[in-house]
Amino acid sequence: MESGDILKASNSLRGSLRAGSLRSGSSSVWRNSAVDVFSRSSREEDDEEALKWAAIERLPTVARLRKGILTSSQGGANEIDIANLGWQERRTILERLVKVADEDNERFLWKFKNRIDRVGIELPTIEVRFENINIEAEAFVGTNALPSFLNFITSIFEGLLINMGILSSRMKKLTILKDVSVSNLEVKILLQFSGSVTYNGHTMQEFVPQRTAAYISQFDLHLGEMTVRETLAFSARCQGVGTRYDMLSELSRREKQANIKPDPDIDVFMKAIATEGQEANVITDYIMKILGLDICADTLVGNEMLRGISGGQRKRVTTGEMLVGPARALFMDEISTGLDSSTTFQIVNSLRQTVHILNGTALISLLQPAPETYDLFDDIILLSDSVIVYQGPREHVVSFFESMGFKCPERKGVADFLQEVTSRKDQMQYWARKDQPYRFITANEFAEAFQTFHVGMKLGEELGTPFDKKKGHPAALTTEKYGVGKWELLKACIAREFLLMRRNSFVYIFKCIQ
């Protein structure tokens, strides 16, 4: 790894990594706290809506979660089937909740959160710790690493000779992470790995980490023949609803017991995103709105051979594929590539609102974020030469480097400063102790100094205290490999293949005639 650094920013809340994607068969895990009984909302209701809501309240829980009330623009109240929402109904719901993403999203999230809070339901949270992590890889360096025909043929014969013991490997060992110990973060364990990773005190073998958290790759791999809406809808259908249905069942039971009538639009939205097996879901429309993809929702994604959406829009589709799922911890790798600064700010700001209001977490790596985007993050991770130089609150990162003798100029972006201060080529310009001779400070020296900095000492204390497994939410960790049943996965895949066959009908018809 080059000494030019990788700047990573993490969005965490109260020192805990928040997530929750367990598909539980019972809603009993949500019944851990006392229910405060509130009086019925004082909002004025017309008699027709009140009668229809009373009829829904008398239904059994399963049937009640499939019915909702949607008021028309003329004021009339209509009872709707949640599992069969049409395009116009989904559009109406979204327009009322989030008409303009920049202005309305935060207000909508607070309505969502307040409904959950007033009946005493707690969302699952997860603390992720990894200690003494070492990750290494063997790779060719220099011209040997180039993907040329000569290198390909040479590697085949070289592999045979190495297996026979005649030659030794020319691959060099590269250290990616070296003796890293941090809490509240996620690491994808690949290559040669040593160390320990725990979620709420549980080892990786005790649950399914791939469904507890979602990883968003920097590579855009999509089927070019599908539209943006179809791509996100297929992803949502395959990932399932996680704990949404069980949480909503318990929420509905408590509201009925407390005689609380929820906001009709929020109620329909929450029921819609908790219903499995839908070919089109409100959550898909919501995520497209947040990511600014609603303007190209019915445009083909495209590829090298097929014209489609732009590169920046394709990057947002990659992000949206994971956001439509139930995972509450998101690990996002260079999601700003190809995006302008204003779009990046909008996306990160929406994620920040979700994280802060719904107790989630996002760990994001960005390439040279703008100052306004950088200021949205709570915590900063600075990784250089295989070691973590700093990990902690954004407010203290500049003071840490000042304690080491380096000062960020007033008109210099902090993100750019952090990327250059550990570089041998750029470090000298930030040296502030003019009465002392400058010498290059290595990443290892910064990492050792961080252990004695007050942020590093606090982090060490957190790691020194074992996690109390009794505090873990029963629905926090998922133990099921798939988010939906195999039959639902089969139906989703068959529906997608028929769609692709219709899009390429000329090829199939021509081949049949041939």
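Mentor: A nonpolar core is a set of buried Ala, Val, Leu, Ile, Met, Phe, Trp, Tyr and Cys residues joined through side-chain atoms within 4.5 Å; buried means under 20% relative accessible area with a 1.4 Å probe, counting protein chains only, while exposed is over 50% and partly exposed lies in between. This is a predicted model, where local features need pLDDT of at least 70, side-chain atom pairs count only at pLDDT 80 or more, and totals for chains, interfaces and linings use all residues. Residues are numbered from 1 along each chain as its sequence is written, and side-chain values use heavy atoms, leaving out hydrogens and water.

Trainee: How many residues does the largest nonpolar core have?

Mentor: In soluble globular proteins, nonpolar side chains tend to be buried together. Here the largest core has 92 residues, and Tyr-286, Phe-400, Phe-401 and Phe-406 have the most contacts inside it. Helix α10 (residues 282-291) gives this core its largest share, seven residues. Helices are DSSP runs of H or I, at least four residues, and strands are runs of E, at least two, numbered from the N terminus. Another core, of eleven residues, lies apart from it and includes Ile-133 and Ala-476.

Trainee: Which residues is Phe-406 in contact with?

Mentor: Contact means heavy atoms within 4.5 Å. Leaving aside neighbours within four places in sequence, the partners of Phe-406 include Phe-401, Trp-431 and Phe-446.

Trainee: Is α10 mostly covered or exposed?

Mentor: Mostly covered: ten of its ten residues are buried, Tyr-286 and Lys-289 among them. After α10 comes Gly-292, with a positive phi near 70°.
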